[in-house]
Amino acid sequence: MSVEYDITTRIFTLHTKNSTYQMQADSLGYLLHLYYGRKTKGLTDWALAFSDRGFSGNPYDSSNDRTYSLDVLPQEFPVQGTGDYRNTMLEVRNDKGVYGCDLHYFGHEISEGKYSLHGLPAVYANPNEEAQTLTITLINERLNINVKLLYGVLPDKDIITRSIIVKNEGKNPFTVMKLCSSCLDFTHGSFDMITFHGRHMMEKQFDRQRLHHGSHVIGSRRGMSSHQYNPFVILAEHDTAENSGRCWGMQFVYSGGFEAAAELDQYNQTRLIMGLSQEKFSYELEPGEKIIGPEVIMTFSDEGLSKLSQNYHECIKKNICRGKFRDLTRPIVLNTWEALYFDFNGKKILEIAEEARKLKVDMLVLDDGWFINRNNDNRALGDWIADEAKLGFNLGELVKYVNKLGLKFGLWVEPEMISENSRLYHEHPEWAMIIPDDKPVLGRNQLVLDLSRHDVREYIFNSVSKLLEQADIEYLKWDYNRSINEVFSHKTNNGKVIYDYMLGLYEILERINKRYPDVLIEGCAGGGGRFDAGMLYYTPQIWCSDNTDAIDLLKIHYGTSYGYPAIVVSAHVSSSSNHQTGRFTPLKTRYTVAMSGTFGYELNPLTLSNDEKNEIISQIEQYRKDSAIISDGLYYRLSNPENETFCAWEYLSRDGSVALINVVVLLNHGNMPQIYITPRGLTSGTFYRDIENGKIYASDALMDSGFPLKMPKSDFEGYTFRLERLS
């Protein structure tokens, strides 16, 4: 059993293959956190320490026992109003404007299988996969609040998930002002917080900072998980490295605003919490209503950061992504955006399609500019009707022509947005999220549709359905190109809008997935602005960045690799010079970087030389051979972002028989030191042969000393090595 309960001590124990998690419902009814670390036997209630702490209050029921204070004790679900002055997970305000509540243990249930969340994405268990759910109920009698803490355990994957349901069981409304889903309390220790900051076109930049006293907070107030901070954090001991040391991860299964905070308190205790952003959030619950806190995926590793990443990769690949494409090699696409932007007609599209066929790609994706009045990004969003005058045919005819060439067809859409200069805005201005009698802030000259409204959701679903039914469209690039600023709805309580918006988006995507299971949806938000586990539940790949420069992508992919597997990372080979940076990079290097994802092309094949076309044909042929190990192999980072000389990474087959190693040299220097590449994860006590040059290496020596890289002749050279284990 992965979930156990000791009736005498009231201690709950969650076991995974390599970790143990324990908590206790104590004699006062408070749920205390005991342990989360390497797998252990027995109970750990001996780890709690009690002493009188000045200015740390004591619960009334403690009978003036000054050694008992929730301001000091480690907790599972700390709430505001109990004398705990650290970061808390829940704040409520009653109908008279009074803040605070006190929650006590009421009961629990242990059930087989993994819980699901109504209206929200969540980790699921596969058939025949062991999983259990622990539900702990806490109550507050004064406000009649019922809180269910949900714990899901996937023992074989070393995954524990947490979620929360807050319900009003009273006769009067109350408002949830803050809601977090997960908390880890450490009574001692010294930690680094690893986060992934960035900006548009430079997402998920690795950042590791030592925790000092106070609260280190990251998050998003933008209505999306954001380019600025990914909803994923790691707490690591100072000496934790790729292959050694202890670390704990939290990843939010949610695509809207979030907050993660690590606090080092007055007694050198550390608390890490994750949940919804408090910005523009005040969720009123009428009697009988409830709110669900989005899920947090937790994992622990005492084998370093690589193992933690591999745990997340497995969970995302097999227990978040769903549907037909979960286990399939994704189609190799050629996207028209950087090839043509808005300057195209049907003739140009078919010319590019013909060249794409010769290059052996699988699919042509027609990006922005295909619908009526859309010749720039200032107009027409919301009017999802193909511009037949521009295309020269209706959409169905265009797709048939492309299909006859042997290519599948994909289409760009941005259904959550509306332009002021559009038919839709003229007919339904109340659908846009605009504060009445005020001028809105424009982002990319567009506004956001109010997805908290049922009529708006119906319009979006019907518009997308009509597109998919008038042509054989097998792929949608679902884009989202501005943040939410004005939080206003003509129908929804404004404190609920920002949360209900995400429920509305998930509802639309779920309906589309169910009706059109053979359509692959790629998520996008100006690249990585909504790159999170929540979107991956509906869109099994996400455009990683609008920056297609191979050298910048090295750092973007590096940060992404900590929480997300390569199979969900959409990356393309683009032109040189690059459209975002102007950098010239060899075609081989651009391929080496883009192959570390779903792979495709973002360029105009009509402008390529014959040598470049032949090289691309060879790249596609090679990618098809390597795609299985890239999508299903174990991933290792062989360099770090502080290394300004080279970037290296490895894919290792499950049985350890084949290693695929990629290297990109950054800046070449005169008489530079020798670069050595040190593989990891190889089978100890064996030999590996370099498939290209026949060299044979002893695996243990190779993992200790590495092999020398041929001296580069210029900047940005790319290398690929394939090592095969000898029997």
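Helix α8, residues 497-515, has 19 residues and reaches 27 Å from its first C-alpha to its last, close to the 27 Å expected at 1.5 Å a residue. The coordinates come from a predicted model. Buried positions in α8 include Val497, Ile498, Tyr499, Asp500, Tyr501 and Met502. Further along α8, Gly504, Leu505, Tyr506, Ile508, Leu509 and Ile512 are also buried. An α-helix has 3.6 residues a turn, so residues three or four places apart point the same way.

A search of the whole structure finds 7 cavities of 30 Å³ or more. The second largest cavity holds about 120 Å³ of space. Its lining consists of 14 residues, and those nearest its centre are Gly256, Gly257, Ser277, Glu279 and Ile498. By class, the lining of this second largest cavity has 5 nonpolar, 5 polar and 4 charged residues.

The largest cavity has a volume of about 260 Å³. It is lined by 26 residues, of which His557, Ser561, Ala566, Tyr635 and Tyr651 are the closest to its centre. Two or more lining residues come from each of α1 (305-320), α10 (550-561), α12 (610-632), β31 (634-637) and β32 (646-652). The most is given by α10, with 5 residues. Sorted by class, the lining of the largest cavity divides into 14 nonpolar, 8 polar and 4 charged residues.

Helix α10 can be examined by itself. At 1.5 Å a residue, its 12 residues should span 16 Å, and the end C-alpha atoms are 16 Å apart, which agrees. Because 11 of the 12 residues of α10 are buried, the helix is largely enclosed by the rest of the structure. Among the buried residues of α10 are Ala550, Ile551, Asp552, Leu553, Leu554 and Ile556. His557 and Ser561, both among the residues closest to the centre of the largest cavity, are buried as well.

Helix α12, which also contributes to the lining of the largest cavity, contains Gln622. Gln622 is partly exposed, with a relative accessible area of 24%; the cut-off for buried is under 20%. Leaving aside residues up to four places away in sequence, Gln622 touches Tyr591 and Arg722. Pro712 is 90 residues from Gln622 along the chain, and the C-alpha atoms of the two are separated by 23 Å.

The strands remain. An open sheet of 9 strands has the order β28-β27-β26-β25-β22-β21-β20-β30-β29, with parallel pairing. At its edges stand β28 (569-570) and β29 (573-574), each with a single partner strand, so one side of each is left without a neighbour in the sheet. Within this order, β20 (residues 333-335) and β30 (residues 600-602) run parallel and are joined by 2 bridges. Val333 has Gly600 in β30 as its bridge partner.

Another pairing involves strand β5, residues 90-94. This strand is mostly covered, with 4 of its 5 residues buried. Over 5 bridges, β5 pairs in the antiparallel sense with strand β10, residues 174-186. For Leu90, the bridge partner in β10 is Leu179.

Technical notes
Residues are numbered from 1 along each chain as its sequence is written. This is a predicted model: local features need pLDDT of at least 70, side-chain atom pairs count only at pLDDT 80 or more; totals for chains, interfaces and linings use all residues. Side-chain values use heavy atoms; hydrogens and water are left out. On a 1 Å grid over the protein atoms alone, a cavity is a set of points where a 1.4 Å probe fits but cannot get out, and a pocket is an open set with protein on both sides within 12 Å along at least five of seven lines; lining residues have an atom within 4 Å of a point. Grid points are joined across faces, edges and corners, and a volume is the space filled by probe spheres set on the points. Ala, Val, Leu, Ile, Met, Phe, Trp, Tyr, Cys and Pro count as nonpolar, Asp, Glu, Lys and Arg as charged, and the others, Gly among them, as polar. The expected span of a helix is 1.5 Å times one less than its number of residues. Buried means under 20% relative accessible area, exposed over 50%, partly exposed in between (1.4 Å probe, protein chains only). Two strands pair if DSSP finds at least two bridges between them. Contact means heavy atoms within 4.5 Å.
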